[in-house]
Amino acid sequence: MLAVHLISFFFSKLQEDPTKMVDRFLHAMRLHDDQLIDISARFQAEMKKGLSAESSAAAAVKMLPTHVRSTPDGSEKGQFLALDLGGSKFKVLQVKVREGMGVRKGGVEMEEKIYPMSKELFNGRAPELFDHVSESLKDFLHVKNISLDKKHPLAFTFSFPCEQTRLDKGLLLSWSKNCRARGLQGKDVVQALREAIDRTGGMDIEVLAMVNDTVATMMTCGFDDQYCDVGLIIGTGTNACYMEELRHVDLVEGDEGRMCVNTEWGGFGDDGALSDYITEFDQDVDATSINPGKQIFEKMVSGMYLGELVRLVVLKMAKLGQLFDGLVPDALRTKGKITTAHVAAMDEYKNGLKNTRDILVELGLNPSQDDCVAVQHVSTIVSFRSSNLVAAGLAAILTRIKQNRHLRALRITVGVDGTVYKTHPQYAKRLHKVVRRLLPECQVRFVLSDSGSSKGAALVTAVAQRLASRKRQVDETLAPFKLSQEQLQLVKATMRAGLEAGLKNKGPSAVKMLPSYVYHTPDGTERGKYLALDLGGTNFRAMLVKFKKGLQNNTRLYHKIYTVPLEIMQGTGEELFDHLAQYVSDFLDYMGMKKAHLPAGFTFSFPCEQTAIDTGILVSWTKGFKATDCEGHDVVNLLREAIKRRNEYDLDIVAVVNDTVGTMMSCAYEDPQCEVGLIAGTGSNACYMEELKNIEKIRQKKQKTEGDEETPEAVEDKDDGSKGDKKAETSETSKMCINTEWGGLGDDGSLDDIITPFDAEVDHNSVNPGKQRFEKLTSGMYLGEIVREVLLDLTRGGLLFRGRVTETLKTPGIFQTKYLSQIESDRLALLQVRSILQHLGLDSTCDDSIIVKEVCGAVSRRAAELCGAGMAAVVDKIRENRGLDHLNITVGVDGALYKLHPHFSGVLQETTRVLAPQCNVTFLPSEEGSGKGAALITAVARQKRDR
Ligand code: BG6
Ligand code: BG6
Ligand code: GLC
Ligand code: GLC
């Protein structure tokens with residue numbers, strides 16, 4: 001050790017050039033370009049770590065999403081209050097942003113007042129710190145004569161690392177620099193500010209956005225320079241932010257566009273990544289700081305530490321006898337005696353040496369010329385290292401941006417703030433030079449943010465304010481779709497009343513409650529080979545069903561699907577049924593069964609007044625159908641006649657069933673507890689097993705036949721053509737499946753309270769205005785149209801698609817249920833939502849996509865809730881019919897809305913559970929459609945008939 005001292009002393013005396021001596025002494029701080037490139041590469045790797053979902057939690061460079069998605073575009077406007085906390089000065093400001101027209105952007109006017117911020121406040125309790133902030137704000141309003149009665153939006157620049165989930169919410173991760181106020185770490189900083197403002201009282205302040213100073217600086221500079229995609233602070237602390245591609249920001253949903261990421265690069269090296277570049281002086285600075293082991297890069301770079309680094313080097317050199325003839329004055333031993341301002345002064349171009357002498361004299365020293373030259377050189381090396389490290393960090397960021405954008409050359413502007421950069425011209429010059437040397441292919445412009453960061457914070461807030469007001473308006477538009485529990489209870493009660501009224505048979509009722517002449521769910525004894533025809537869902541289906549002897553659940557099915565063209569659905573009845581006969585012909589050909597004369601079940605999914613299992617008089621068309629000359633006619637006859645006209649094959653049509661009934665039967669084959677059928681598809685409907693005694697129409701018939709001295713069950717046997725059997729006399733025959741046709745609920749005005757103007761418009765434009773009001777709120781055929789009406793309204797109000805109402809948006813039917821299902825899928829990123837919209841010819845932004853998704857969600861949730869309310873009424877009725885406190889029951893379900901929509905079934909089940917708490921309802925999706933159920937009904941009906 002003594003030898004080292006002697007050698008250095010010897011050197012100091014021999015070596016004439018003090019700068020060379022310092023160069024040697026501070027060898028480790030003099031970074032060459034290859035070292036800078038190495039550091040830059042390490043920083044790039046750290047950025048990746050911070051962005052990735054797997055490694056971000058443990059990353060030293062935090063890469064915090066800021067929720068700032070764009071740089072200013074000149075459309076920002078408004079008047080804002082601003083707070084700027086975390087730099088060397090605490091400021092309160094008023095910022096007025098005028099919207100710019102055309103190429104020339106608007107102007108910004110600012111007024112500011114600096115308020116003192118004591119060390120005690122930074123080291124005390126956070127609520128006291130924030131009370132001071134909020135009292136300063138109130139004082140500012142007073143001093144500047146700003147009304148205390150009006151509401152003022154506020155922008156908050158808070159220059160510490162915060163994990164933001166929204167613009168107006170951010171949890172403080174840790175303090176840095178000179179602050180360590182207790183009780184805020186891990187808490188929402190915006191909330192803490194709001195609470196302090198409430199405590200102060202007497203002001204109406206809306207804190208709309210919180211931004212880091214780097215972000216605010218980028219935005220400030222971006223107001224005048226569209227290429228400004230990077231913000232840099234070299235002040236008390238150091239940090240940088242930049243516009244990253246959203247697809248790389250794992251922690252934020254969405255793939256589209258960009259988001260500003262606050263790198264918090266001050267933490268670079270906290271995991272040891274810079275250990276080979278750390279000197280003993282850095283270690284000393286770190287050890288005596290308020291946050292040892294943290295912000296390692298910041299401690300090598302920023303203003304809070306540069307003076308201290310110089311002091312520690314000079315002290316060491318003095319102790320080694322290399323300066324001041326080995327004299328070590330007390331001033332040099334005192335922390336903080338050399339400041340960043342001193343470093344800047346020593347580094348000045350012309351007066352630097354003189355300044356150095358003055359500073360040293362002020363410290364009580366009597367320096368020689370060589371001492372002054374040496375100390376000045378120490379200061380230069382320390383600040384040069386700082387600018388070199390910043391250059392390496394910036395080079396990493398710029399390289400990343402260049403790679404992200406697949407560019408060979410990059411034109412970019414870096415917005416910069418901070419006392420080190422501002423007050424130290426040599427520093428800035430060196431920084432620019434090194435960055436350009438490291439990245440010769442990039443055209444980098446540095447712009448000083450001379451007005452501080454609050455202008456940028458106000459610009460972010462202006463965008464936030466616009467979004468908040470847009471959100472408010474969208475929420476208002478969607479509010480009528482959000483039904484309260486009370487409203488849903490009322491819908492349940494209305495449905496219950498509708499079911500009861502429909503059973504009464506006193507003239508036509510909204511809920512028709514049509515008897516199906518199906519008395520039993522299947523018992524597994526059904527056998528044979530049947531044709532099932534299925535009209536009324538999305539498609540026409542023909543199906544061959546075989547029930548094998550002794551093998552329940554071993555059904556074989558063959559089917560073919562046909563699309564019924566719109567002109568046929570809405571042409572003449574004859575054309576429609578001729579078409580069906582032709583589809584059947586094709587299917588029989590396909591199966592090679594033209595000559596088989598099969599028994600057939602006909603699922604006909606429209607309201608039919610049945611007097612027997614094989615007759616069904618169409619009451620009225622629903623959904624998109626309106627073929628002429630069908631209403632009031634027996635659809636079985638219409639089909640038989642069409643087959644006869646064809647004169648090509650023969651069918652024995654044994655049963656006509658509604659799809660709800662077919663679905664219930666099909667599911668009951670698997671689960672005997674299934675006594676309810678539900679369709680949530682193109683249309684909406686339910687059926688269930690009702691007590692025969694409650695069905696007025698059947699009771700009347702019964703009374704009539706009783707007059708003829710026949711048993712009630714004989715009515716059943718007569719109606720489906722059989723002569724009466726033993727089973728008919730058992731208690732099981734006391735029930736009949738009722739097709740509720742609940743889609744008609746509300747046709748008498750009973751749902752008017754929940755019907756929105758959008759629903760009214762959809763109803764008005766439908767083929768059956770005033771009819772099927774419940775169905776028009778709940779089924780796949782209409783949900784897309786409701787969504788379209790809402791989107792039209794929002795667009796007309798300028799809240800969507802930039803206010804442009806396109807022809808596509810005006811086109812009925814563009815939003816099919818499948819698109820709603822896709823748009824609402826949780827697995828889908830916003831980019832995919834956007835591509836669906838684009839496919840539909842709607843050119844949307846990211847914000848548009850969010851709103852469209854929200855609209856779809858509100859409309860489909862209401863549909864599921866209403867279905868749930870209807871189902872609760874049905875199951876509770878069954879429970880009460882049976883005098884039970886608790887009912888276990890299964891509902892067989894079919895329909896594209898139920899099966900394909902990502903949330904419909906969940907919401908339906910939950911609503912049913914809440915509204916019918918005494919029922920335990922299991923929803924069982926029908927596997928093979930209603931055809932199997934229709935075949936089962938046909939099997940039973942034929943057995944009876946043929947007996
Ligand atoms: C100011 C900004 O100009 O610079 C602050 O308005 C920022 O938001 C500060 O924190 C950074 O520099 P310094 O040197 O004050 O820490
Ligand atoms: C099918 C049934 O699976 O679902 C049809 O077989 C029914 O009878 C249909 O009408 C309902 O769903 P969608 O979505 O086609 O209307
Ligand atoms: C510190 C803070 C950071 C801030 C920087 C500059 O590094 O952690 O958030 O941007 O200082 O003020
Ligand atoms: C319509 C029909 C009804 C059918 C339902 C589901 O509401 O009127 O009979 O069950 O759609 O397809």
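Helices (H or I, at least four residues) and strands (E, at least two) are DSSP runs, numbered from the N terminus. This is a predicted model, in which local features need pLDDT of at least 70 and side-chain atom pairs count only at pLDDT 80 or more, while totals for chains, interfaces and linings use all residues. Residues are numbered from 1 along each chain as its sequence is written, chains are lettered from A and ligands numbered from 1 in the order in which they are written, and side-chain values use heavy atoms, with hydrogens and water left out.

**View 1. H406 sits in the loop between α14 and β12 (410-417).** Let us start at the outside: H406 counts as exposed, at 71% relative accessibility. Here and below, buried means under 20% relative accessible area, exposed over 50%, and partly exposed in between (1.4 Å probe, protein chains only). The phi of H406 is near 55 degrees, a positive value in a residue other than glycine.

**View 2. K177 is found in the loop between β7 (169-172) and α6 (189-200).** K177 also has a positive phi, of about 55 degrees, although K177 is not a glycine. With a relative accessible area of 5%, K177 is buried.

**View 3. S387 is a residue of helix α14 (residues 369-404).** Is S387 buried or exposed? S387 has a relative accessible area of 0%, so this residue is buried. Contact means heavy atoms within 4.5 Å. Neighbours within four places in sequence aside, the contacts of S387 are Y427, R430 and L431.

**View 4. T356 belongs to helix α13 (residues 352-362).** T356 counts as buried, at 0% relative accessibility. If neighbours within four places in sequence are left aside, T356 is in contact with M346, C372, V375 and Q376. Look for Q376 in particular: T356 and Q376 are 20 residues apart along the chain, and their C-alpha atoms are separated by 6.1 Å.

**View 5. T157 lies in strand β5 (residues 151-158).** T157 is another residue that counts as buried, with 0% relative accessibility. Not counting residues up to four places away in sequence, T157 touches L83, D84, L85, V211, N212, D213, A216, S453 and A457. To find your bearings, look also for P72, which is 85 residues from T157 in sequence and 17 Å from T157 in space, C-alpha to C-alpha.

**View 6. Helix α3 (residues 33-51) and helix α16 (residues 425-438) cross at roughly 80 degrees.** Two packed helices are described by the angle between their axes and the distance between the axes. Axes are lines fitted to C-alpha atoms, for helices over the stretch in contact, and angles run from 0 to 180 degrees between N-to-C directions. The axes of α3 and α16 come within 11 Å. The two helices are therefore roughly perpendicular to each other, a label for angles of 65 to 115 degrees (under 35 is roughly parallel, over 145 roughly antiparallel, and the rest oblique). On the α3 side you will find D33, L36 and I37, which meet V434, R437 and L438 in α16. The residues of this contact divide into four nonpolar, no polar and two charged (Ala, Val, Leu, Ile, Met, Phe, Trp, Tyr, Cys and Pro count as nonpolar, Asp, Glu, Lys and Arg as charged, and the others, Gly among them, as polar).

**View 7. The largest nonpolar core has 102 residues.** A nonpolar core is a set of buried Ala, Val, Leu, Ile, Met, Phe, Trp, Tyr and Cys residues joined through side-chain atoms within 4.5 Å. Which residues of this core touch the most other members? They are L678, W742, F815, V855, M871, F904 and F923. Helix α30 (residues 846-881) supplies the largest share of the core, 17 residues. V855 touches L478, V787, V790, L791 and L794, residues up to four places away in sequence not being counted. Apart from this core lies another one, of 88 residues, including V230, F281, Y427 and L438.

**View 8. Helix α30 is mostly covered, with 30 of its 36 residues buried.** The expected span of a helix is 1.5 Å times one less than its number of residues. For α30 this gives 52 Å, and its end C-alpha atoms are 52 Å apart, which agrees. Just after α30 comes G883, with a positive phi of about 60 degrees.

**View 9. Helix α27 (residues 780-796) has 17 residues.** From first C-alpha to last, α27 reaches 25 Å, close to the expected 24 Å. Of its 17 residues, 14 are buried, so α27 is largely enclosed by the rest of the structure.

**View 10. Helix α28 (residues 817-824) is largely enclosed by the rest of the structure, because six of its eight residues are buried.** Those buried residues of α28 are T817, Y819, L820, S821, I823 and E824.
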